[in-house]
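Good morning, and thank you for coming.

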Amino acid sequence: MPDLPSRYPMIEPDAKAPTVRRLRQLSRLMDNMITIPGTQVGVGLDPILGLLPIGGDFLGVILSCYIVLEAARIGVSRATLGRMVVNIIIDGLIGTFPMLGDLFDFAWKANTLNIQLLEENLKSPQNMQKADKGFMLLLLVGLLLIAIILVILPMIVIGWLWQAITGS
């Protein structure tokens, strides 16, 4: 059977380097932008965004989702993408709890973990896959639903807290 050109070709290795470099920069911005003097602890925009009620965690999740979508575009395996999504879900779900979520954001570096997963996957060419438009669409819809749930969940928690405090 002759080799037919793929409808969604694999991105060439040379084209991956700028994408990975850009994703590393985004991860650093989100997780480790500033190192706390005297420590090796880095702080990025993710915990700072998490301080903004409701919308902050949503923005953090959306930026994290961009890393996953780009990883899918360059051919990272579905198993690795699944682990990346789990990291985002953990970060987003715990981030919905006032104060606990903000503290958690300083310790849990979902974007850094996802870049490590991406780089490990890229080291093994047998794990590379051709871009699957249907899977990409499903991934995008799933990540968007997760982001929406992570906006609605804190509103529900805040409502419960308000009722508990005011008794109404």
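The lining of the largest cavity consists of 1 nonpolar, 2 polar and 4 charged residues, where Ala, Val, Leu, Ile, Met, Phe, Trp, Tyr, Cys and Pro count as nonpolar, Asp, Glu, Lys and Arg as charged, and the others, Gly among them, as polar. This is a predicted model, in which local features need pLDDT of at least 70, side-chain atom pairs count only at pLDDT 80 or more, and totals for chains, interfaces and linings use all residues. Residues are numbered from 1 along each chain as its sequence is written, and side-chain values use heavy atoms, with hydrogens and water left out.

Which residues line the largest cavity? They are Asp46, Asp57, Val61, Asp91, Gly92, Gly95 and Asp105. A cavity is a set of points, on a 1 Å grid over the protein atoms alone, where a 1.4 Å probe fits but cannot get out, and lining residues have an atom within 4 Å of a point. The volume is about 40 Å³, taken as the space filled by probe spheres set on the points, which are joined across faces, edges and corners.

Helix α4 gives the most to this lining, with 3 residues; helices are DSSP runs (H or I, at least four residues), numbered from the N terminus. The axes of α4 and α6 lie 9 Å apart at an angle of about 175°; axes are lines fitted to C-alpha atoms, for helices over the stretch in contact, and angles run from 0 to 180 degrees between N-to-C directions. The two helices, α4 and α6, are therefore roughly antiparallel, a term for angles over 145 degrees.

Technical notes:
Angles under 35 degrees count as roughly parallel, over 145 as roughly antiparallel, 65 to 115 as roughly perpendicular and the rest as oblique. On a 1 Å grid over the protein atoms alone, a cavity is a set of points where a 1.4 Å probe fits but cannot get out, and a pocket is an open set with protein on both sides within 12 Å along at least five of seven lines; lining residues have an atom within 4 Å of a point.
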